[in-house]
Amino acid sequence: MKKFKKEQVTKVLKENIEIVMFAALMAVYYAWRMFALDPWYDELYTYYSFISKGPVYAAIHWPVPNNHVMYSVVSAFLNIFGNSYISLRGIAFLASVSNLILLYCLARKFMNKVLSLGCVALYSGFYLVNYISIQGRGYTMAISFYLIALLMLYKICVEKKDKLLYYVVFSLCLTWGLYTITSNVYWVLPVCFVGGIYLLFEKEIKILIHLIISSVIAAIHTFGLYSIIWLAIGSNLLSKTQDSGFYGIYQVKIILSAPWKAWKTGMDYMLASPYVQSQERGQMLASFDFWLTSLFNLFINNMGKVLLVVLVAAFLGSLIMGKRMYDQRDHKRLFLYIYIGTTILMFPVILIVQSVLPYHRVFTFLGVLLALTFFAFLSQWIQGKGAWIVCALCLIGCGMQLSSEYYMAPYAGREVDIKEIWEQSGIEGSPEEICFMDDYQKYVFQFYWDYRPTESWQEEAKYILMPREVMEEEYTAKTWPILYTYEEINWEALQECEIVTETDSYVLYRR
């Protein structure tokens, strides 16, 4: 039996050696990015606020949407390796490499292996995909759930594998996707609709009912997981609010004695976040075109308008080709064109209904749509040598993009300045007795030197790392990440300090 399995694996690897080699090369590239690029603020905040505190803590805390809960929970288990880069970015690295294999497996359902490889190369070369690839955030892992959900949906709908295992995996992917980032609703809903529309066309009512049940179960599980967070948040807020009636009471006691009150308080707190709130609809629609163009510019630089036109054409084309595939009883391609048309239509519709314009990186999953859409229509006319030429062009283009200055740009800005100014200061040892003046410094010093700067006032500090913004008399209102205004600084005392070194962003003083 073991020998049979080994032979089967060897055969699969030989048959797909091209994607294996490409994924191996990309793994080396992602590993380099993982350690070469300094983490930026959002990653550092995620690491020290959630990941470093363990999986249980990460699972029940949500002060702001910066906690990509599922990612923080899973990443926290990597703390056993004792390496902050691995703990922070290890899961993102594994997800990035896995996504190449998953996308290839999905593409192979509809096209030959040459075009499937080209599809993966095109996807890998998108700037936004590369940008978030190894960041210690939940976006890349969410795409893994997205791809697995599509593969399970294909097996359920097209291959008619009406088995519990596929429904369970599908449901878990929806749950984990939403548990990672609630904004993943922009792919969760379209995926569900793709399955529903396809099964209605095929009149597979029994399978459709099973799919609806698995989707409802995913919604229930997601609700349950967030309810745990709401209970934790709510009980914490009630215990710290003097007029709540629960001030100073242990959180567990509050949950046991007033679970509804704790749950409602936590849910209201989450929904009141400015990152969750809708915009005024007229304002949202006025900037919608610019937002969409900016989004697709992040896939191919300065091609946002072109990609928008391509997607509109692809939507119309998917209607025509879907009808043709239905008449020809080509189940595979019918599924593909329903996926393309539904996803292109639904993601902007959901945005308009919600009246929100989230961060662009939430929509990195659209790289899957763009790559599959391009090759779905291309594969209708190109085969043989033409397929190899297109694949080669995508591979070359991917290589050129990944090695370009634009793609190699660092994530961090001020964070690197802080690191470099201390390294160039000539001060030996850890940065003891330094007063941090902005929100970046406390995480940067902790990440690189395992030292948490003091929050004491300047007069008690030996070193002061002063942001240049504060040194301007016009700086009278605090603007994140700066923690002080010009008026709050004791400039007379600072005049007695010596300047150790300075950069464009900071001046390091020593008393």
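Predicted model: local features only at pLDDT ≥ 70, side-chain atom pairs only at ≥ 80, totals over all residues.

I will start with helix α16, residues 288-297. Seven of its 10 residues are buried, so the helix is mostly covered. The buried ones are F288, W291, L292, T293, S294, L295 and F296. Which elements cover the buried residues of α16? Among them are α8 (127-132), α15 (281-286), α17, α18 (331-354) and α19.

Helix α5, residues 69-76, is another such case. Seven of its eight residues are buried, so α5 is largely enclosed by the rest of the structure. Those residues are V69, M70, Y71, S72, V73, S75 and A76. The cover over them includes α3 (41-49), α4 (55-60), α6 (84-107), α9 (139-157), α10 (164-180) and α12.

T222 counts as buried, at 9% relative accessibility. Setting aside neighbours within four places in sequence, T222 is in contact with T175 and L178. S227 is also found in α12. S227 is buried, with a relative accessible area of 12%.

Next, the second largest pocket. Its volume is about 580 Å³. The lining has 27 residues, and the closest to the pocket centre are L122, F126, I300, L307 and F374. Elements that give two or more residues to this lining are α7 (113-124), α17 (304-328), α19 (366-378), α20 (384-402) and α21 (405-408). Which of them gives the largest share? That is α17, with seven residues.

Now the cysteines. A disulfide is a covalent bond between the sulfur atoms of two cysteines. How many disulfides does the model have? The count is zero, with a cut-off of 2.5 Å between sulfur atoms. Take C394 as one example: its closest cysteine sulfur, in C391, is 6.8 Å away, and this is too far for a bond. C394 is buried, with a relative accessible area of 13%. For C435, the closest cysteine sulfur is in C497, at 11 Å, again too far for a bond. C435 counts as buried too, at 0% relative accessibility.

Last, the backbone. Most residues other than glycine have a negative phi, and most peptide bonds are trans. Where does this model depart from that? K160 is not a glycine, yet has a positive phi of about 55 degrees. K160 is found in the loop between α9 and α10, and at 29% relative accessibility counts as partly exposed. K203, also not a glycine, has a positive phi of about 60 degrees. K203 sits in the loop between α11 (185-202) and α12, and is exposed, with a relative accessible area of 62%. As for peptide bonds, the one joining W480 and P481 is cis, with omega about 15 degrees. P481 lies in the loop between β2 (463-467) and α24 (491-495).

That is what I have for today.

Methods. Residues numbered from 1 in each chain as written. Heavy atoms only, no water. 1 Å grid on protein atoms, 1.4 Å probe; cavity = no way out; pocket = protein on both sides within 12 Å on 5 of 7 lines; lining within 4 Å. Points joined across faces, edges and corners; volume = space filled by probe spheres on them. Helix = DSSP H or I, 4+ residues; strand = E, 2+ residues; numbered from the N terminus. Buried < 20%, exposed > 50% of the residue type's maximum accessible area, 1.4 Å probe, protein only. Contact = heavy atoms within 4.5 Å.
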